[in-house]
Amino acid sequence: MVGTGSRAAIISDRRITGLSADVIAELVAEVGPLWHERHQARLEARPRKRAVGAGAKHQLVFVDRLLATLVHLRHGATHDVLACWFSVDRSTITRAIGEVRPLLAARGCTIAAGIRLRTLAEVIDDLGASGQTGIIDGTEIRVRRLAAGHKDREKFISGKNKQNAVKAMVLTDARGRLLFCSPAQPASCADITHARQLGLVGHLAGGPAVEILADAGYQGLGAQTGGRVVTPPHRKFKKDPPEWYEEIHERQRKAHSSRRIRVEHGIAHLKTGGHSPATTVDANT
C-alpha cells in the first residue's frame, strides 16, 4: 500500500489527479460507502465457511483505489506503473479500477460514449471534427546505455542533451489533455523526422482542417501541411536586427509559447514515471 506521505502528496498536488483535496474528500465520502456496500454484498452472496470479514485484509484500501483510478483516468498511466507506485500486483490495480470506475460514472465522472482514440489518424480526425487546436511536442526519457559493442549503441545518444535516451512524440488538446503518445524512438532521431515517420504530414495534408501548435523543432512541417502546423516565427535578421523588429518578434514568440505551454502537462508523467509504449488513451479523460 502506498505510504501515508505518498498518498498525502497525491492528494495535495492537484496536477496529479486534476482535482483539489476538497473534491477528493467529497468523492471519498460519496463513493466510499457505495463501494463498501457492493463489496459486502459480494462477500455475503457466495457460500462461506468463515464469517464475513475473516481472512486477509485489503492491501489497497478504498482511498488508494480511488486515487489510482483518478490518476489512471487523468494521465492514462498504465496499470503496471500504478502497481509499482502503490506496491501491489498489477491485477489488484486492474480490479480496483474496474470496481471504482463505474461508481464514478454513476456520479457523472464518465467518458462520452463512442469516443475512443487509438491511432494518430483518429486523434487528428477528432480534433478536426470538434474544431479544437492540437499541440505536439517531443520529449526525451533517459535510459541506461547499451552494452559496449552493440550495433545501435550510438543511436540512443541525444545530440541535444548529450545523454542516452529514447524519444516520444506527444499530442494533446489545447487544455493539455493527453490524446496520443507515440512508441519510443532512439533519441538521435530529430523531432521533425520522428513526426514524419509517424505519418503526421499525411494525416494533416489529406485530413480535416485542424491547427497544430509546435515548437521550433518542427519548423518545415507548416509548408508541407498547408500551414496546419504552426511553429514560432522565423527570425529574418540573423545579425544586428533593428529594435522594432526585435520587439515584434519577441511578442509573437511569447504569444505562440503561451498557447503551446499546456503540452507540458501531457508530457509531465512521461518524464517522471517513464515512457509507456501504449498509445491508446481516452479522449475525454
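Q: Which residue of β5 stands opposite Ile135?
A: In this predicted model, Ile135 stands opposite Leu213 in β5. The two strands, β1 and β5 (residues 212-213), run parallel and are joined by two bridges.

Q: In which direction do β1 and β2 run, and how many bridges join them?
A: Strand β2 (residues 165-173) runs antiparallel to β1, and nine bridges join the two. One example of residues facing each other is Glu140, which stands opposite Lys167 in β2. Strand β1 (residues 134-142) is mostly covered, as seven of its nine residues are buried.

Q: Which residues of α4 and α6 meet?
A: Among them are Phe62, Leu66 and Leu70 in α4, and Ile93, Ile97 and Leu104 in α6. The residues of this contact divide into 10 nonpolar, two polar and three charged.

Q: How many aromatic pairs are there?
A: The count comes to two. The ring centres of Trp35 and Phe62 lie 5.5 Å apart and their planes stand at 35 degrees, so this pair is tilted. Trp35 belongs to helix α3 (residues 21-45) and Phe62 to helix α4, so the pair ties together parts that are 27 residues apart in sequence. Both Trp35 and Phe62 are buried. The rings of Trp85 and Phe86 have centres 5.9 Å apart and planes at 45 degrees, so that pair is tilted.

Q: Are Trp85 and Phe86 buried or exposed?
A: Trp85 is partly exposed, with a relative accessible area of 34%, whereas Phe86, at 0%, counts as buried.

Key:
Residues numbered from 1 in each chain as written. Predicted model: local features only at pLDDT ≥ 70, side-chain atom pairs only at ≥ 80, totals over all residues. Heavy atoms only, no water. Contact = heavy atoms within 4.5 Å. Helix = DSSP H or I, 4+ residues; strand = E, 2+ residues; numbered from the N terminus. Nonpolar A, V, L, I, M, F, W, Y, C, P; charged D, E, K, R; others polar. Buried < 20%, exposed > 50% of the residue type's maximum accessible area, 1.4 Å probe, protein only. Pairing = 2+ DSSP bridges. Phe/Tyr/Trp six-rings, centres within 6.5 Å; stacked < 30°, edge-to-face > 60°.
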